[in-house]
Amino acid sequence: MRGSTGNSGSSGYTAPTFVLSIGTVGAPPRPPGRAPDRPADFPERLWQPRGATASHGKAPRPRHPGLRLTATPTLLRLYGVAVAVLAAGFAALLTRAVVAADDGLRVVGQGAGPQVVAANNLYLGLASMDAELANIVLVGDEIGLGYTRADAQAAYRNDRTVVAEALRASAANASGAAARDTVGRLVDDLGAYDNLAGQITYADAQDDARRLQDPSPALPNLRRATDMMHNELLPCADALLDADAASVTHGYQDGRDEAAWYAALALAVGILLVLLLIGGQIFLFRRTHRVFNPILAAVTVAAMCVVAIGAGAAFDARDELDVAKHDAFDSVLALTRTKALVADANGDESRWLVDPANARQYADRYADTTRLLTMQFSRELDNITFDGERDAAQTAYEANATYQAFDTKMRGMASADFRGAVDFNTSHRAGNSNWAYERLQSDLDAVVAINRTHMTAASDTGERDLGAWSWLASAAAVALALATWRGIRPRLREYRNP
């Protein structure tokens, strides 16, 4: 029956159908923000961060791109810091090399180098004073010779002026208690020597009728003066000379070694800096797919130039220091020492004539001096470096041979013609001993002038070439560091959160 309930055989009732919509199982919701380490301008549909397909419905926790050590922004920041550190290290090392080389150049060219020349002039002046004092007694009141007492006295006063100037220079440049004590002893001994010289001149002038071969009443004081000169004054001058020469040697060696060491370190750090800059280009290409970073490329080229030119300037300054010290100063030292020894030998000739009782002593000392002269000439001839130096040194060497030959001639004349021997020894006329002596000194001066010119030029050139690098290295380091940061800043901005 339609409409009845319960036992109807064919009912029209339809059970309701329930449909459960559960969507897609296992797909986590999109995390807020942008996936880590994705450039802002990179299409999201092509970016698949790690862990995005993980099941269980848990979204990955967002992380800031700069917090991971291997993240691109972190590495870029570390890269900029590394460039700045290497640039600063290069600048510091190069500056230290520049300072060391400059100190060495100043010691040789402007400091102890000229001071050594002054000390040699002191020795030369003292030896010449003693020679002229012997000439004063030797010629006496004779007026027919090529040299007179007045000539010898005038020469003595000139030599005394040279000694006073050299002594003042040595006192002004004396460094250390030992040098100051040596200068003080020189001043005291020179005063005593001047007192003896005054007594000698006065006593010798009292005996106007003395024949040339007669012993002078001033002879005992002349021996005392000569002993004082060779036992006290000249050894003190030698001590000052040795101290000044040692100061030059130490200053040169320290400056050269430090300049070479720090320049080598600066070059090594500079090479690392250039390699790091090149590596930065490769890193940006691999991480950000940038083929070329023009700013970093320019920084790399600039760094190459700064490293090459800066390190080259330091090594060039070291070479100029070698020229100033080894090639020039060593020759100046040997030659000025030679001039002083020649002056002392010239005095021994006069003392040999004026004091026959001690003639053997003076002859032996003359022979010792000539051996030292030969050694000094050998040092110079073994250190020929500059244009015209060999010819000038050879001329001086030949002049020395002439002077030695004239000495032999004078000693041969003394027994047969004492007056002629005295005239030959003291006269400055051409063909006489003092003429050969003056010619030798003049030729030595010519060789000294060549070496002093190159010593000064090398020192000035080295200092001029280094002058700009005392500040340029630091300025270049700052510029390279800032330019590097400027080159990587656009890449860093790509990783900033919106």
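Me: Which helix gives the largest share of the nonpolar patch?
Reply: In this predicted model, the largest share of the nonpolar patch comes from helix α5 (residues 219–288), which supplies 6 residues. One of the patch residues is Ile271, and Ile271 lies in helix α5.

Me: What makes Leu267, Ile271, Leu272, Leu275, Ile278, Ile282 and Met304 a nonpolar surface patch?
Reply: Patches are made of residues with over 30% relative accessible area and no salt bridge, and nonpolar side chains are joined within 5 Å. Leu267, Ile271, Leu272, Leu275, Ile278, Ile282 and Met304 make such a patch, with an area of about 600 Å².

Me: Why are α6 and α10 called roughly antiparallel?
Reply: The axes of helix α6 (residues 294–354) and helix α10 (residues 433–467) cross at roughly 160° and come within 8 Å. Angles over 145 degrees count as roughly antiparallel, and α6 and α10 are therefore roughly antiparallel to each other. Their crossing is left-handed, and the contact of α6 with α10 has, by class, 19 nonpolar, 12 polar and 6 charged residues.

Me: How do you know that α8 and α10 are roughly antiparallel?
Reply: Helix α8 (residues 389–414) packs with α10 at an angle of about 160°, the axes being 9 Å apart. With the cut-off for roughly antiparallel set at over 145 degrees, α8 and α10 are therefore roughly antiparallel to each other. The crossing in which α8 passes α10 is left-handed.

Me: What makes the meeting of the Arg419 and Glu142 side chains a salt bridge?
Reply: A salt bridge needs a side-chain nitrogen of Lys or Arg within 4 Å of a carboxyl oxygen of Asp or Glu. For the side chains of Arg419 and Glu142 the N to O distance is 2.7 Å, and the pair is a salt bridge. Arg419 lies in helix α9 (residues 418–426) and Glu142 in the loop between α2 (112–139) and α3 (149–173), so the pair ties together parts that are 277 residues apart in sequence.

Me: How many salt bridges does the structure hold?
Reply: The structure holds 20 salt bridges.

Conventions:
Residues are numbered from 1 along each chain as its sequence is written. This is a predicted model: local features need pLDDT of at least 70, side-chain atom pairs count only at pLDDT 80 or more; totals for chains, interfaces and linings use all residues. Side-chain values use heavy atoms; hydrogens and water are left out. Axes are lines fitted to C-alpha atoms, for helices over the stretch in contact, and angles run from 0 to 180 degrees between N-to-C directions. Helices (H or I, at least four residues) and strands (E, at least two) are DSSP runs, numbered from the N terminus. Angles under 35 degrees count as roughly parallel, over 145 as roughly antiparallel, 65 to 115 as roughly perpendicular and the rest as oblique. A crossing is left-handed if the near helix is turned anticlockwise from the far one by less than a right angle, and right-handed if clockwise. Ala, Val, Leu, Ile, Met, Phe, Trp, Tyr, Cys and Pro count as nonpolar, Asp, Glu, Lys and Arg as charged, and the others, Gly among them, as polar. Patches are made of residues with over 30% relative accessible area and no salt bridge: like charges are joined within 9 Å, nonpolar side chains (Val, Leu, Ile, Met, Phe, Trp, Tyr) within 5 Å. Accessible areas come from the Shrake-Rupley method with a 1.4 Å probe; for residues, only the protein chains shown count as cover.
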